[in-house]
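Dear colleague,

Please find below the structure that I am handing over to you.

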Amino acid sequence: MYPIIEFFHITIGTYGICCVLGGGLAVLMALFNCKYSKLNRYDLIEAAALIILGAVIGAKLLYVAVDYDYIIHIFKNYGFNLNTLRDVLQGGFVFYGGFLGGLLAAFIYAKTQKKSLWLYLMTIAPGIPVAHAFGRVGCFMAGCCYGIPSEEFGIAFTNALGAPNGIKLFPVQLLEAGLLLILGLIMQIYLMRTKRHHSVIYIYLFAYPVIRIITERFRYDDAERGIFLGLSTSTWISIGIIAAGFIILLLDIKRGFREPEEPVYKTFPVNTSEENTD
């Protein structure tokens, strides 16, 4: 499609544009959702910056882990230098790595600031699939994360960065983007109407892995994703997230399914009366 566009003689990657747009919209949604979680918006912005950083690092680390053999091949054939290192750093990102990295960053922020992790997660949860949807559109524009050959439903790339050009491929990126947008809309409406706001997290933990397991069957980039026992790395992670979701849900039910609250700290009265120092 259009992996790169020029704007006033400046070359910009469409994948990066889509990620920025999606991330910005997700932050705006989270700021709006502060009215339901009662979070301070400035605290949320601070947390969002750390979460985005963690997501980028996590997405890159999992990409390196999954595509380890290919990266080693590049260094062996072209040497370890600034050019090859730049190519690797500019290479792909793996969403689940970003998801886990962002989750870890949110956990670290909540612990260090002595705040409720649940409140932050439920505030940003509806924006996650929306941001991801924009990222998938970016994948389609760049020609990565491509689908299986399909004469009936396929679209042929002409200048893709990853997909084979000239072959009709099923647009699995757009399929996942559409499902993600629907999921984000459902989560946002649910958050706005329910009294159990934190339960919106479970919708994502159970729904997205199912979406991913389904769309993985239409993917054709097996070499880039890694395969173990016949299943892709993302499929195994999806199964693990569903299992973890059930465990967290059971623990939540055991504690009464209470809505999370910010911790209340004891304060000591301060004598503000003026003292006579004569």
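Two strands count as paired if DSSP finds at least two bridges between them. In this predicted model, strand 1 (residues 4–7) and strand 2 (residues 10–13) pair in the antiparallel sense over four bridges. Isoleucine 4, for example, has glycine 13 of strand 2 as its bridge partner. The two strands form a hairpin, and two residues lie between them. In that turn, phenylalanine 8 has a positive phi of about 55°.

As for the chain as a whole, it contains 11 helices and six strands. It has 278 residues, of which 41% are buried.

I turn next to two pairs of helices. Helix 1 (residues 14–37) packs against helix 8 (residues 172–193) at an angle of about 25°, and their axes are 10 Å apart. Angles under 35 degrees count as roughly parallel, so helix 1 is roughly parallel to helix 8. The crossing of these two helices is left-handed. On the side of helix 1, the residues that meet helix 8 are Met29, Phe32, Asn33 and Tyr36. Helix 8 contributes Gln188, Leu191 and Met192. Sorted by class, this contact has five nonpolar residues, two polar residues and no charged ones.

How are helix 5 and helix 9 oriented to each other? The axes of helix 5 (residues 95–112) and helix 9 come within 13 Å and cross at roughly 165°. Because angles over 145 degrees count as roughly antiparallel, helix 5 and helix 9 are roughly antiparallel to each other. Their crossing is left-handed. Phe95, Tyr96 and Phe99 make the contact from helix 5, while Tyr204, Leu205, Tyr208, Pro209 and Arg212 make it from helix 9. By class, seven of these residues are nonpolar, none is polar and one is charged.

Threonine 215 belongs to helix 9, which spans residues 200–216. Is threonine 215 buried or exposed? Its relative accessible area is 0%, and buried means under 20%, so threonine 215 is buried. Beyond its neighbours within four places in sequence, threonine 215 is in contact with Val172, Leu175, Glu176 and Leu179.

Phenylalanine 246 is located in helix 11 (residues 233–254). With a relative accessibility of 48%, phenylalanine 246 counts as partly exposed. Phenylalanine 246 and leucine 205 are 41 residues apart in sequence, and their C-alpha atoms are 8.9 Å apart in space.

Finally, there are two lysines in loops. Lysine 38 is in the loop between helix 1 and helix 2 (41–66), and lysine 114 is in the loop between helix 5 and helix 6 (117–124). Lysine 38 is not a glycine, yet it has a positive phi of about 65°. Lysine 114 is not a glycine either, and it has a positive phi of about 55°. Exposed means over 50% relative accessible area. Lysine 38, at 66% relative accessibility, therefore counts as exposed, and lysine 114, at 56%, counts as exposed as well.

With kind regards

Notes:
Residues are numbered from 1 along each chain as its sequence is written. This is a predicted model: local features need pLDDT of at least 70, side-chain atom pairs count only at pLDDT 80 or more; totals for chains, interfaces and linings use all residues. Side-chain values use heavy atoms; hydrogens and water are left out. Buried means under 20% relative accessible area, exposed over 50%, partly exposed in between (1.4 Å probe, protein chains only). Contact means heavy atoms within 4.5 Å. Axes are lines fitted to C-alpha atoms, for helices over the stretch in contact, and angles run from 0 to 180 degrees between N-to-C directions. Angles under 35 degrees count as roughly parallel, over 145 as roughly antiparallel, 65 to 115 as roughly perpendicular and the rest as oblique. A crossing is left-handed if the near helix is turned anticlockwise from the far one by less than a right angle, and right-handed if clockwise. Ala, Val, Leu, Ile, Met, Phe, Trp, Tyr, Cys and Pro count as nonpolar, Asp, Glu, Lys and Arg as charged, and the others, Gly among them, as polar.
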